Amino acid sequence: MHAESRCPDCGPVAPLHVPEHIGAEIVASVVERIQSTAQPEQPPVPLWCPWPLPPGWTTTGVAWAGDDRIGVRATAVACAGPAPLGGGPADLVFVAEEPGVGLGTRYAGVLGPDAGPELAEALTDPGPGHPGHVGRAGIRVAGHPTPLWLVSSLTDRSAYAGEARGMWLYAIAWPASAGHLLAEDVMLHDLVEWTPPELVYGAPSPYLHGKA
């Protein structure tokens, strides 16, 4: 018997919670959960969302990992819209997590609790053979220029990793070529600090609900 959630391969893990629907009231409830379980000596885990949203894009889901005992240790925000290079729809998931949680690598489709080894390799050899290759994505996080580097992922998606507010920041895009959106002027805003009332919501993300 164990008090914590466990993965057969990884051992103890923070349980993942994905609301079935998405809307302003769902986002508000997740924000309340994050704020109420934050430790006094640590900043709350952010909910990074593109704002303003790229033209034609909607917010399609939120998720968080943790429980009442350990608090919220990771969050995810999903968005969807037209692919930057044409050819249909695209999906993006932004993950913020404390070290060792493994939610970002879960959506990237790689093993391990974080992208440290892959990021170290990307800093020396970006591996341009990946179909979604943009060696370095320069976005703005809470107003600050923040580099993200392409890391190993399954070939149906592209995954970028970096750091913001002392936590891992991941951006995972489907299809892989949708990662080129991150080469544009993308700005991430923390919904925990303020949720824009103009935020547009779309159909629930299939990638938060098990397709990834």
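Cys-79 is buried, at 1% relative accessibility, where buried means under 20% relative accessible area, exposed over 50%, and partly exposed in between (1.4 Å probe, protein chains only). Cys-49 is likewise buried, with a relative accessible area of 0%. The structure is a predicted model, in which local features need pLDDT of at least 70, side-chain atom pairs count only at pLDDT 80 or more, and totals for chains, interfaces and linings use all residues. Residues are numbered from 1 along each chain as its sequence is written, and side-chain values use heavy atoms, with hydrogens and water left out.

A search of the whole structure for disulfides (a pair of cysteine sulfur atoms within 2.5 Å) returned zero. Cys-49 is accordingly in no disulfide, and the nearest cysteine sulfur, that of Cys-79, is 4.5 Å away. For Cys-79, which is also in no disulfide, the nearest cysteine sulfur is that of Cys-49, at 4.5 Å.

Secondary structure elements are DSSP runs numbered from the N terminus, with helices (H or I) of at least four residues and strands (E) of at least two. Strand pairing requires that DSSP finds at least two bridges between the two strands. Strand E6 (residues 71-82) pairs with E7 in the antiparallel sense over nine bridges. Within this pairing, Val-77 stands opposite Phe-94 in E7. Six residues lie between the strands in the hairpin of E6 and E7, where Gly-86 takes a positive phi near 80°. Strand E7 comprises residues 89-97 and is mostly covered, eight of its nine residues being buried. E7 is also joined to strand E11 (residues 167-174), by seven bridges, and these two strands run antiparallel. Here Ala-96 stands opposite Leu-169 in E11. In a regular strand the side chains alternate between the two faces of the sheet.

Helix H1 spans residues 24-37 and includes Thr-37. Thr-37 counts as buried because its relative accessibility is 16%. Its contacts (heavy atoms within 4.5 Å) are with Gly-71 and Val-72, not counting residues up to four places away in sequence. The side chain of Thr-37 reaches the backbone nitrogen of Val-72 at 3.3 Å. Val-72 was also considered in relation to Pro-15: the C-alpha atoms of these two residues, which are 57 residues apart along the chain, are separated by 9.7 Å. Pro-15 is placed in the loop between strand E2 (11-12) and strand E3 (16-17). With a relative accessibility of 18%, Pro-15 counts as buried.

Side chains of opposite charge can pair when their charged atoms come close. Five salt bridges were found in a search of the whole structure, a salt bridge being a side-chain nitrogen of Lys or Arg within 4 Å of a carboxyl oxygen of Asp or Glu. One of them is formed by the side chains of Arg-33 and Asp-68, at 2.5 Å from N to O. Arg-33 lies in helix H1 and Asp-68 in the loop between strand E5 (58-67) and E6, so the pair ties together parts that are 35 residues apart in sequence. Arg-33 is partly exposed, at 28% relative accessibility, whereas Asp-68 is exposed, at 65%.

Arg-165, Asp-190 and Glu-193 are linked in a network of salt bridges. Between Asp-190 and Arg-165 the closest N and O atoms are 2.9 Å apart. Because Asp-190 lies in strand E12 (residues 187-190) and Arg-165 in the loop between strand E10 (158-164) and E11, this pair ties together parts that are 25 residues apart in sequence. The side chains of Glu-193 and Arg-165 meet in a salt bridge at 2.8 Å, N to O. This second pair links distant parts of the chain, with Glu-193 in the loop between E12 and helix H4 (207-211) and Arg-165 in the loop between E10 and E11, 28 residues apart.

Definitions and conventions
A polar contact is a pair of N or O atoms within 3.5 Å; within protein, one must be able to donate a hydrogen and the other to accept it, and residues adjacent in sequence count only if both atoms are side-chain atoms.
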